[in-house]
Amino acid sequence: MTTLALDAEALYRELLRGVQQLCNADTRLVGITSGGAWLAERLQADLKLAGKHGTISSAMHRDDFAKRGLSSGGQTQLPFDVNGADILVLDDVLYTGRTIRAVINELFDYGRPAQVRLAVLVDRGGRQLPIQAEFAAARVSLAANQSLALARSAEGVFSFDVQEA
């Protein structure tokens with residue numbers, strides 16, 4: 001078995017630089033529950049963006065909803081008008097693209113944004129849909145039986161959890 005060592009805090013700093021280049025005065029950050037929401041919350045503060053970030057859940061639009069049901073990840077909260085908005089969706093790990101597809105469907109339930117872009121902490125490849133991040137702090141390869149998830153300590157420090165499925 002190989003050990004994957006990723007410094008989540010170093011990757012966050014890289015994501016911060018990338019998101020800073022993607023943002024303009026009207027950009028709204030929307031994090032996918034839960035890891036992406038943590039990233040959006042911290043980026044909103046670190047970039048000193050006006051307003052509040054959004055949080056979005058993929059649960060209601062997943063193609064495996066019958067098997068997974070509602071997750072305990074949280075509900076969608078978009079404290080701004082989605083219509084005409086420049087939205088930057090944030091996630092911790094991009095894998096098959098199915099979560100992103102579900103999130104885009106959920107987002108359009110709230111309105112029609114002018115633009116939707118994606119930034120991720122880690123792109124692990126393995127896409128099953130034509131989804132691509134505009135910015136990824138890192139690209140890694142993992143075995144299909146491994147999962148990678150962002151963890152956050154009580155102090156707000158990020159780390160990664162790699163598990164065998």
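Which residue's side chain meets that of Glu41 in a salt bridge? In this predicted model, the partner is Arg152, with an N to O distance of 3.0 Å. Glu41 belongs to helix α2 (residues 35-46) and Arg152 to strand β6 (residues 146-152), so this pair ties together parts of the chain that lie 111 residues apart in sequence.

A second bridge joins Arg139 to Asp123, and here the closest N and O atoms are 2.9 Å apart. This pair also links distant parts of the chain, with Arg139 in strand β5 (residues 135-139) and Asp123 in strand β4, 16 residues apart. The two partners sit in contrasting surroundings. Arg139 has a relative accessible area of 59% and is therefore exposed, since the cut-off for that class is over 50%. Asp123 comes to 8% and is therefore buried, the limit being under 20%. Elsewhere, salt bridges that share partners join Glu9, Arg42 and Asp46 into one network. The count of salt bridges for the model comes to seven.

Arg17 and Glu14 form a salt bridge whose closest N and O atoms are 2.7 Å apart. The two residues are three places apart in α1, which means that about one helical turn separates them. Arg17 is partly exposed at 46% relative accessibility, and Glu14 is partly exposed as well, with a relative accessible area of 29%.

The geometry of α1 can be checked against a simple expectation. At 1.5 Å a residue, its 15 residues should span 21 Å, and the end C-alpha atoms are 20 Å apart, in agreement with that estimate. At the start of the helix, a side-chain oxygen of Asp7 reaches to within 3.1 Å of the backbone nitrogen of Glu9. Glu9 itself is among the buried residues of α1, which also include Leu11, Tyr12, Leu15, Leu16 and Leu22.

Attention now turns to the strands. All nine residues of strand β3 (residues 86-94) are buried, so this strand is largely enclosed by the rest of the structure. What does β3 pair with? One partner is strand β1 (residues 27-32), which pairs with β3 in the parallel sense over five bridges; in this pairing Arg28 stands opposite Ile87. Another partner is strand β4 (residues 115-123), again in the parallel sense, over eight bridges.

Where does Ser58 lie? Ser58 is found in the loop between β2 (54-56) and α3 (65-68). With a relative accessible area of 11%, Ser58 falls below the 20% limit and so counts as buried. Leaving aside residues up to four places away in sequence, Ser58 touches Thr99, Ala102 and Val103.

Terms used
Residues are numbered from 1 along each chain as its sequence is written. This is a predicted model: local features need pLDDT of at least 70, side-chain atom pairs count only at pLDDT 80 or more; totals for chains, interfaces and linings use all residues. Side-chain values use heavy atoms; hydrogens and water are left out. Buried means under 20% relative accessible area, exposed over 50%, partly exposed in between (1.4 Å probe, protein chains only). Helices (H or I, at least four residues) and strands (E, at least two) are DSSP runs, numbered from the N terminus. Two strands pair if DSSP finds at least two bridges between them. A salt bridge is a side-chain nitrogen of Lys or Arg within 4 Å of a carboxyl oxygen of Asp or Glu. The expected span of a helix is 1.5 Å times one less than its number of residues. A polar contact is a pair of N or O atoms within 3.5 Å; within protein, one must be able to donate a hydrogen and the other to accept it, and residues adjacent in sequence count only if both atoms are side-chain atoms. Contact means heavy atoms within 4.5 Å.
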